[in-house]
Amino acid sequence: MQSETKLNLACGQMYLNGYINVDNKSMYHGNMKVDMVEDIFTMTWENNTVDEILLSHFAMYISYQEMSVLLKRWYGWLKPSGRIIIETGNVKAVAKFIMENEDPDLINGNNGIRQLFGWETTAGHKWAWCPETLGQLMNGAGFTNIEFGDGYFHGNPQRDFLIVGTK
């Protein structure tokens, strides 16, 4: 039986066994283990050859317009019934957290402003997502059976969400 092809795009420091871990090593001073050094904005892959694509906590570095293009590209890479899994911060949860807190350290912290703009080593966020906005783009790219859940890769289900779509 042929093994599955699974891509962990923009893997950062989250190396996963069983995946082809891809990153351009531009963050964390390049301190990460990868299988392929590639820029996910420009990389190519053969269509209809990938079983699963994972994108964990990189969607915030992708503008709204870029995300539409990338989702269509990734859709092409997937085999029929292949799936994409994306986890990112939920801008609605971040906004709620900011509005419910008076402590400047909390407002500026990991669940607040930093989630919108990035940290010192990861600055440069381009967009903030919620299930409705990312789901709409995934649907427009052709994904079906779109499901939502709480995020778990960063252990922060109150702030993060997971979205899964099938080709």
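Start by selecting E132: at 47% relative accessibility, this residue counts as partly exposed. That label covers the range between buried, under 20% relative accessible area, and exposed, over 50% (1.4 Å probe, protein chains only).

You are looking at a predicted model, where local features need pLDDT of at least 70, side-chain atom pairs count only at pLDDT 80 or more, and totals for chains, interfaces and linings use all residues. Residues are numbered from 1 along each chain as its sequence is written, and side-chain values use heavy atoms, with hydrogens and water left out.

The term means a side-chain nitrogen of Lys or Arg within 4 Å of a carboxyl oxygen of Asp or Glu. Helices (H or I, at least four residues) and strands (E, at least two) are DSSP runs, numbered from the N terminus. K92 is partly exposed, at 48% relative accessibility.

Next, select K79 and D51. Their side chains form a salt bridge (3.3 Å, N to O). Here, too, distant parts of the chain are linked: K79 belongs to strand β5 (residues 78-89), D51 to strand β4 (residues 50-56), and 28 residues separate them. Buried or exposed: which is D51? D51 counts as buried, at 19%. K79 is partly exposed, at 25%.

Last stop: R159 and D160. Their closest N and O atoms are 2.7 Å apart, in a salt bridge. D160 is buried, at 2%. R159 is buried at 8%.

How many salt bridges are there by this rule? The count is 6.
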